[in-house]
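Here is a short briefing on the model below. It covers the sheet, the nonpolar cores, the aromatic side chains and the backbone.

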Amino acid sequence: MKLKSLVGVALMCLTTGAWAAEIIVEMKNAGADGVMVFEPAVVKAEVGDTVTFVPTDMAHNSELVPGLAPEGATSWKGVIGQPVSVTLDKEGVYVYQCLPHVVMAMVGVIVAGEPTNLDQVMADSAALKGRFALNKDRLDNYLGQAK
Ligand SMILES: [Cu+2]
């Protein structure tokens, strides 16, 4: 995995001439934050970086939560059990979810550059949090780390 990401970074540098990182987020049944988690759950990246979600455990996906992202940002919606990648094209905070496990608060946060829209995302996340039956404070904890 490590070697693969290093190769990915090297290839991107060759093709774009700019430094762009590839960041791996695992989709897991259990991790440091409990059951049904993305790891790392809070990613600090730069605009132009690529985040790839890998199915370490099956039965998960990653998809952007509509409205909880920078204005005009590219969206993504992964297929369950398959990897999916997104290149971060706008600065700010992105909140994504695993559709089958929203009720268990299987969510994650990406910050590209500065968290310019953090207040807006916090204000608009009430509907998402209302769907959590377990781990109700997880998203607030993650957003608290986004500053
Ligand atoms: Cu899941």
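Four strands make up an open sheet in the order β2-β1-β4-β6, and the pairing is mixed. Its edges are β2 (34-39) and β6 (84-87); each has a single partner strand, so one side of each is left without a neighbour in the sheet. On average, neighbouring strands of this sheet are turned by 15 degrees against each other, direction ignored. The model is predicted.

**Strands and overall layout**

- β1 spans residues 22-31 and pairs with β2 in the antiparallel sense, over five bridges.
- In this region, E26 stands opposite E39 of β2.
- The chain has four helices and eight strands.
- Read from the N terminus, the elements run α-β-β-β-β-β-β-β-β-α-α-α.
- The chain holds 147 residues, and 48% of them are buried.
- Of the contacts between residues at least 6 apart in sequence, 62% join residues at least 24 apart.

**Nonpolar cores**

- In soluble globular proteins, nonpolar side chains tend to be buried together.
- Here the largest nonpolar core has 23 residues.
- The residues with the most contacts inside this core are F38, V51, F53, W76, L88, Y94 and I110.
- At least two core residues come from each of β1, β2, β3 (42-45), β4 (50-54), β6, β7 (92-97) and β8 (107-112).
- β1 gives the largest share of this core, three residues.
- Another core lies apart from this one; it has 19 residues, including V107, L128, F132 and A146.
- W76 touches F53, S62, E63, L64, V84, V86, Y94, Y96 and I110, leaving aside residues up to four places away in sequence.

**Aromatic side chains**

- A pair of aromatic rings is described by the distance of the centres and the angle of the planes.
- Across the whole structure, a search finds six aromatic pairs.
- In one of them, the ring centres of F38 and Y96 are 4.7 Å apart and the planes meet at 75 degrees, so the pair is edge-to-face; the cut-off for that class is over 60 degrees.
- This pair links distant parts of the chain: F38 sits in strand β2 and Y96 in strand β7, 58 residues apart.
- F38 has a relative accessible area of 0%, so F38 is buried.
- Y96 has a relative accessible area of 0%, so Y96 is buried.
- F38, F53, W76, Y94 and Y96 form one aromatic cluster.

**Backbone exceptions**

- Most residues other than glycine have a negative phi, and most peptide bonds are trans.
- E39 and P40 are joined by a cis peptide bond, with omega at about -5 degrees.
- P40 lies in the loop between β2 and β3.
- A105 is not a glycine, yet has a positive phi of about 60 degrees.
- The loop between β7 and β8 holds A105.
- A105 counts as buried because its relative accessibility is 0%, and buried means under 20%.
- N135 is not a glycine either, and has a positive phi of about 50 degrees.
- N135 is placed in the loop between α3 (126-129) and α4 (138-144).
- N135 counts as partly exposed because its relative accessibility is 27%.

Methods. Residues are numbered from 1 along each chain as its sequence is written. This is a predicted model: local features need pLDDT of at least 70, side-chain atom pairs count only at pLDDT 80 or more; totals for chains, interfaces and linings use all residues. Side-chain values use heavy atoms; hydrogens and water are left out. Two strands pair if DSSP finds at least two bridges between them. Axes are lines fitted to C-alpha atoms, for helices over the stretch in contact, and angles run from 0 to 180 degrees between N-to-C directions. A nonpolar core is a set of buried Ala, Val, Leu, Ile, Met, Phe, Trp, Tyr and Cys residues joined through side-chain atoms within 4.5 Å. Buried means under 20% relative accessible area, exposed over 50%, partly exposed in between (1.4 Å probe, protein chains only). Contact means heavy atoms within 4.5 Å. Rings of Phe, Tyr and Trp (its six-membered ring) pair if their centres lie within 6.5 Å; planes under 30 degrees apart count as stacked, over 60 as edge-to-face and the rest as tilted.
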